[in-house]
Amino acid sequence: MISANPFQNLLPTLLMWLLNIKTCSAQQENNTSTTEYYFDDINPSSIDYTGYVELCVKESNYKFRLWFMNTFYSIICILGLVGNLLVILTFFYFKRLKTMTDVYLLNLSFADLLFVLSLPFWAANSTSEWLLGLFVCKAIHTVYKVSFYSSMLLLSLISVDRYFAITKAVSAHRHRSQAVLLSKVTSVLVWAVALIFSVPEIVYTSVNNKTCTPFSSSSDPLRVGIQISQIILGFVVPLLVMSVCYSIIIQSLCQTHSFQRNKAIKVILAVVAVFLVFQTPYNVVLFWTTIVTAKGGTTDCQYENSLLYATDLTQGVAFLRCCLNPFVYAFIGVKFRHDLLKLLKDLGCMSHERFFKYTRSRRSSGATDTETTTTFSP
């Protein structure tokens with residue numbers, strides 16, 4: 001039944017509402033006073049921040065990469081393209097695949113050419129976000145690593161071939177036709193082995209934090225194994241092979257009385273010096289960063305930035321190798337230099353007078369186009 005007086009239940013309801021307002025106000029005043037007391041009592045210098053990770057700012061390193069990589073890598077790319085394309089064009093134009101070294105030099109030029117073609121992508125990857133997707137990321141990384149390992153293996157094979165061609169000249173000349181076939185087979189094996197060496201990085205390469213990389217962080221344990229294998233297979237092994245072969249070659253040349261002996265020794269020393277000067281600094285820094293990574297990284301921001309600067313600089317110097325290989329291993333040879341000049345003349349890039357001027361000294365010296373003058377002749 002509805003009450004006759006509509007205001008009969010209004011008074012109790014109003015009293016309950018006022019009581020709730022008063023209770024909430026009291027609680028709010030109590031919380032406010034507690035909060036004010038809490039913040040007034042805190043001394044900022046007394047807070048322990050040891051549990052927090054300080055963010056390392058790499059702005060200066062980023063600015064350095066922005067101009068260094070774009071400038072330096074562009075120079076390497078242009079010089080490497082021109083030098084290696086000239087080598088490849090000369091080989092095919094004159095059909096010069098007559099020795100093992102010729103075959104290895106041609107493959108080395110292809111490896112260096114692929115290497116320099118990947119540099120613009122790595123410059124963009126280091127200075128901006130990766131926007132080309134996972135497939136291109138894995139493809140470029142594969143090209144980069146396969147070309148790197150194949151070039152190092154080919155440098156080792158060139159030194160082995162020069163060892164047999166100079167110290168075992170008679171037997172090498174007798175089996176030169178079989179040797180050319182063997183060099184083609186071993187070149188295919190080199191590319192296959194280089195691909196196998198690159199498999200771990202190819203598998204783990206992904207777009208992480210908008211960067212194309214096989215590593216999840218600077219302290220990723222995977223980085224340790226990959227970098228150690230790169231140091232051993234890409235530097236230590238080629239260095240040992242070259243050192244042994246060229247040491248025996250120099251000893252053999254010192255026992256001869258040829259007028260070209262001193263020039264040949266200088267060429268060998270130049271080959272070894274270029275490899276050491278351009279590859280050693282980067283591998284030393286890479287070895288040191290591997291030790292730091294194996295220890296779990298570093299919390300010293302300045303030290304971490306210094307390692308980044310050292311890596312960028314020495315890596316850029318090491319990349320110059322792909323520009324110098326055509327000059328050290330091909331252009332310095334008598335036959336190849338003559339063929340290159342003749343190619344430029346045939347293409348209309350050099351006059352007949354200049355061609356005869358540059359080749360006159362070679363003819364007057366009585367140098368012959370023997371099959372062993374590809375690399376170590378003046």
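Reply: In this predicted model, glycine 316 touches Phe72, Tyr73 and Ile76, leaving aside residues up to four places away in sequence. Glycine 316 belongs to helix α9, which covers residues 301-319.

Aspartate 161 sits in helix α4, residues 133-167. With a relative accessible area of 8%, aspartate 161 is buried too. Its contacts, again without residues up to four places away in sequence, are Met100, Thr101 and Tyr104.

Next, the nonpolar packing. The largest nonpolar core has 57 residues, and Tyr246 and Tyr329 touch the most other members. Helices that each supply at least two residues of this core include α2 (59-94), α3 (100-127), α7 (221-254) and α10 (321-331). The most comes from α4, which gives 12 residues. In soluble globular proteins, nonpolar side chains tend to be buried together.

Ile228, Ile232, Val236, Val237, Leu240 and Phe287 make a nonpolar patch of about 470 Å². Helix α7 accounts for the largest share of that patch, five residues. Leucine 240 is in α7, and its relative accessible area of 53% makes it exposed, since exposed means over 50%.

Last, the cysteines. The structure holds one disulfide. It joins cysteine 137 to cysteine 212, with an S to S distance of 1.9 Å. The link of cysteine 137 and cysteine 212 is right-handed, with 90 degrees about the S-S bond. It connects distant parts of the chain: cysteine 137 is in helix α4 and cysteine 212 in strand β2 (residues 211-213), 75 residues apart. Both ends are covered: cysteine 137 is buried at a relative accessible area of 0%, and cysteine 212 is buried at 3%. Cysteine 77, by contrast, is in no disulfide, and the nearest cysteine sulfur, that of cysteine 322, is 8.5 Å away. The cut-off for a disulfide is sulfur atoms within 2.5 Å. Cysteine 77 is buried as well, with a relative accessible area of 11%, whereas cysteine 254 counts as partly exposed at 45% relative accessibility.

Technical notes
Residues are numbered from 1 along each chain as its sequence is written. This is a predicted model: local features need pLDDT of at least 70, side-chain atom pairs count only at pLDDT 80 or more; totals for chains, interfaces and linings use all residues. Side-chain values use heavy atoms; hydrogens and water are left out. Helices (H or I, at least four residues) and strands (E, at least two) are DSSP runs, numbered from the N terminus. Contact means heavy atoms within 4.5 Å. Buried means under 20% relative accessible area, exposed over 50%, partly exposed in between (1.4 Å probe, protein chains only). A nonpolar core is a set of buried Ala, Val, Leu, Ile, Met, Phe, Trp, Tyr and Cys residues joined through side-chain atoms within 4.5 Å. Patches are made of residues with over 30% relative accessible area and no salt bridge: like charges are joined within 9 Å, nonpolar side chains (Val, Leu, Ile, Met, Phe, Trp, Tyr) within 5 Å. Accessible areas come from the Shrake-Rupley method with a 1.4 Å probe; for residues, only the protein chains shown count as cover. A salt bridge is a side-chain nitrogen of Lys or Arg within 4 Å of a carboxyl oxygen of Asp or Glu.
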